[in-house]
Amino acid sequence: MTKKIALITGITGQDGAYLARLLLKKNYIVHGIIRKSSSFNTGRINDIYQEPFIKKKSLFLHYGDLTSFASINSVISEIKPHEVYNLAAQSHVMVSFKNPEYTSDVNALGTLRILESIRQNKLEKKTKFYQASTSELFGNPKFKSQSEKTPFYTRSPYGTSKLFSYWITKNYRESYGIFAANGILFNHESPLRGETFVTKKISKGLSNIYLKKQKILYIGNLDSMRDWGHAKDYVYAQWLILQQKKPLDLVISTGRKYSVRDFIERCCKYLGWRIFWNGKGVNEYGYLILKNKKIKIIQVSAKYFRPNELNSLKGDSSLAKRKLKFKLKYNIDKLIEEMMSYDLKNKKS
Ligand code: NAP
Ligand code: GDD
C-alpha cells in the first residue's frame, strides 16, 4: 500500500512537533516547512529528525515561509500531498498588536497562498486541507460557552487575521470542492508550549523559583479565563478532522475554564506551596510563607496587559465529540503535572 503524504506548515512549533510524531507513527511520509533562522529552531523535533541520506526516510524538511508563494508552491507542486496541515502562524496575540501587518501577511495571506497552490496545481480532488482556526475568533461572547454556532467578533490583529483564514478556507471548499476544514481550537498547552504563553511562563517561572534560579515571576491579567487542553489530545483531533467523509468546521475544547490565578495556584499546589494574594490590579502580588517569612514570588505588571482583552473563553465541543468520536485523555491537573515535571527536570533551561 502506498503511504500517505502529509505536509505540515509550522512543524517546528508546539502542535507541529506533536502532529509530526503522530503521523510518523501512523506510517505517513511527513514533509515540514521550516524557516531559515540564524539559531536552531528545530529543538522540538530533534528526536524525530532523520539525516538526509538515510534509507527509507519518512521525514523531510524544506526551507520556506508563508509570506512567499514561490516557496510554498515549490514544495506542494513537488510532493503533491494527500493532506496539508496549516499550523504555521505568528501565533502570539500580544505580539500581533505590535506587528499587525506581518501577522496578517503570515496568518491570513499565508493560508490563501497554500490554498491557491493546491488549486493551481490541480490538486483539488487529491489534497485535504486543515486550517488552524482559533477560539480567538469569538472575542468576548455573550454566551456562556462557544460552539460552531456562536457569532465571531475578533478583538486583535491576530484574531482578525485568523478570521480571514477561516473564511477563505470555507470559500475554497465551496468554490472549488477542496476538502478544506477549520479546527476551531481553544487554548492548548504542553511541555513544548512556547515560553511567552501564560501557562508555560507560569510552569517554568515557578519551577525556576523552586530551584532558586529566579526570584519573581512578573505576570499580566490574573483574572482572565481560558479553556486549557493538552496539545497531544488536540493534534489527534486535527488528524481526525481530515479523516472524515465530509469537511466540517469543528470546535475542539475541554468545556472547562480556569483563571490565570487558578493556574498559578494549581502549579503551586504541585510544588507543595500555598500562595496568598495581596493588593489589587497592577499592585497585586502573590507570596508564600516559608519559615515564618513572607516571600513575594508573583508581581502583576502592566507590561503584560493587552490593549484589548478576551476575558473568558469556554468551548462547547459536543458536535466534534459526536462526529469524531473523540475523547480527551488529559484534564487540567494532568496537564499541569506534565508541564511542571518537565520544567523541574530541565534545570538548565
Ligand atoms: P507555535 O508554537 O507558535 O508555532 C508556530 C509555528 O509557525 C512555528 O513552527 C513557527 O516557526 C511557524 N511560523 C511562524 N511564522 C512563519 C512563517 N512566516 N512562515 C513559516 N512558518 C512560520 O504555535 P502552536 O501553538 O503550535 O499553534 C499552531 C497553530 O494553531 C497556529 O496557527 C496557532 O495560531 C493555532 N492555534 C493555536 C492554539 C494554541 O492554544 N496553541 C489554539 C488555537 C489555534 P518557528 O519555529 O521558526 O518560529
Ligand atoms: N502571554 C501572557 N503572558 N499572557 C498573560 C500573562 C503573561 O504574562 N498574564 C496574563 N496573561 C493572560 C492573557 O492576557 C490572556 O488573557 C491569557 O493569559 C492567555 O494568554 P496566552 O497564553 O498568551 O494565550 P492567548 O489566549 O492569548 O492565545 C493563545 O490561545 C489562542 C486560542 O484561544 C495562542 O496560542 C493563540 O495562538 C491561540 O489562537
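Visitor: Which residues is Arg226 in contact with, leaving aside its neighbours within four places in sequence?

Guide: In this predicted model, Arg226 is in contact with Glu136, Asn187, Arg256, Lys257, Tyr258, Glu309, Leu310, Asn311, Ser312 and Leu313, its neighbours within four places in sequence being left aside.

Visitor: Is Arg226 buried or exposed?

Guide: Arg226 counts as buried because its relative accessible area is 7%, and the cut-off for that class is under 20%. The residue lies in strand E9, which covers residues 225-226.

Visitor: Which side chain does a polar contact join to that of Arg226?

Guide: The partner is Ser224, and the contact between the two side chains is 3.2 Å.

Visitor: How much of ligand 2 does the protein bury?

Guide: The protein buries 96% of the 710 Å² that ligand 2 exposes when taken alone.

Visitor: How many residues surround ligand 2, and which are the closest?

Guide: There are 22 residues around ligand 2, and the closest are Ser135, Tyr158, Ser224, Arg306 and Glu309. By class, that shell comprises seven nonpolar, nine polar and six charged residues.

Visitor: Which backbone atoms lie 2.6 Å or 2.8 Å from an oxygen atom of ligand 2?

Guide: At 2.6 Å there is a backbone N or O atom of Ser91. At 2.8 Å there is a backbone N or O atom of Val198.

Visitor: Turning to ligand 1, which residues are closest to it?

Guide: Of the 25 residues that surround ligand 1, the closest are Thr12, Arg35, Asp65, Ser91 and Tyr158. For Asp65, a polar side-chain atom lies 2.8 Å from a nitrogen atom of ligand 1. Asn41 places a polar side-chain atom 3.2 Å from an oxygen atom of the ligand, and a polar backbone atom of Leu87 is 2.9 Å from an oxygen atom of ligand 1.

Visitor: What share of ligand 1 does the protein bury?

Guide: The protein buries 90% of the 900 Å² that ligand 1 exposes when taken alone.

Visitor: Which elements give two or more residues to the shell around ligand 1?

Guide: They are H1, H4, E5 and helix H5 (157-176). E5 gives the most, with three residues. By class, the shell around ligand 1 has 10 nonpolar, 10 polar and five charged residues.

Visitor: A change of topic: what is in the largest nonpolar core?

Guide: That core has 37 residues, and those with the most contacts inside it are Ile8, Leu23, Val30, Tyr85 and Leu324. Several elements each supply at least two of its residues, among them strand E1 (5-9), helix H1 (14-25), strand E5 (128-134) and helix H7 (231-242). H7 provides the largest share, eight residues.

Visitor: What does Tyr85 touch, not counting residues up to four places away in sequence?

Guide: Tyr85 touches Ala6, Leu7, Ile8, Thr9, Leu19, Leu23, Tyr130, Gln238, Trp239, Leu242 and Gln243, on that basis. Another core, of 26 residues, lies apart from the largest one and includes Leu217, Ile219, Ile332 and Leu344.

Visitor: Finally, which residues of helix H2 are buried, and what do they pack against?

Guide: In H2 (residues 69-79), the buried residues are Ser71, Ile72, Asn73, Val75, Ile76 and Ile79. They pack against E1, E2, strand E3 (59-63) and helix H4 (100-120). Just after H2, Lys80 takes a positive phi of about 45°.

How values were computed
Residues are numbered from 1 along each chain as its sequence is written. Chains are lettered from A and ligands numbered from 1 in the order in which they are written. This is a predicted model: local features need pLDDT of at least 70, side-chain atom pairs count only at pLDDT 80 or more; totals for chains, interfaces and linings use all residues. Side-chain values use heavy atoms; hydrogens and water are left out. A nonpolar core is a set of buried Ala, Val, Leu, Ile, Met, Phe, Trp, Tyr and Cys residues joined through side-chain atoms within 4.5 Å. Buried means under 20% relative accessible area, exposed over 50%, partly exposed in between (1.4 Å probe, protein chains only). Helices (H or I, at least four residues) and strands (E, at least two) are DSSP runs, numbered from the N terminus. Contact means heavy atoms within 4.5 Å. A residue is near a molecule or strand if one of its heavy atoms lies within 4 Å of it. A polar contact is a pair of N or O atoms within 3.5 Å; within protein, one must be able to donate a hydrogen and the other to accept it, and residues adjacent in sequence count only if both atoms are side-chain atoms. Accessible areas come from the Shrake-Rupley method with a 1.4 Å probe; for residues, only the protein chains shown count as cover. Ala, Val, Leu, Ile, Met, Phe, Trp, Tyr, Cys and Pro count as nonpolar, Asp, Glu, Lys and Arg as charged, and the others, Gly among them, as polar.
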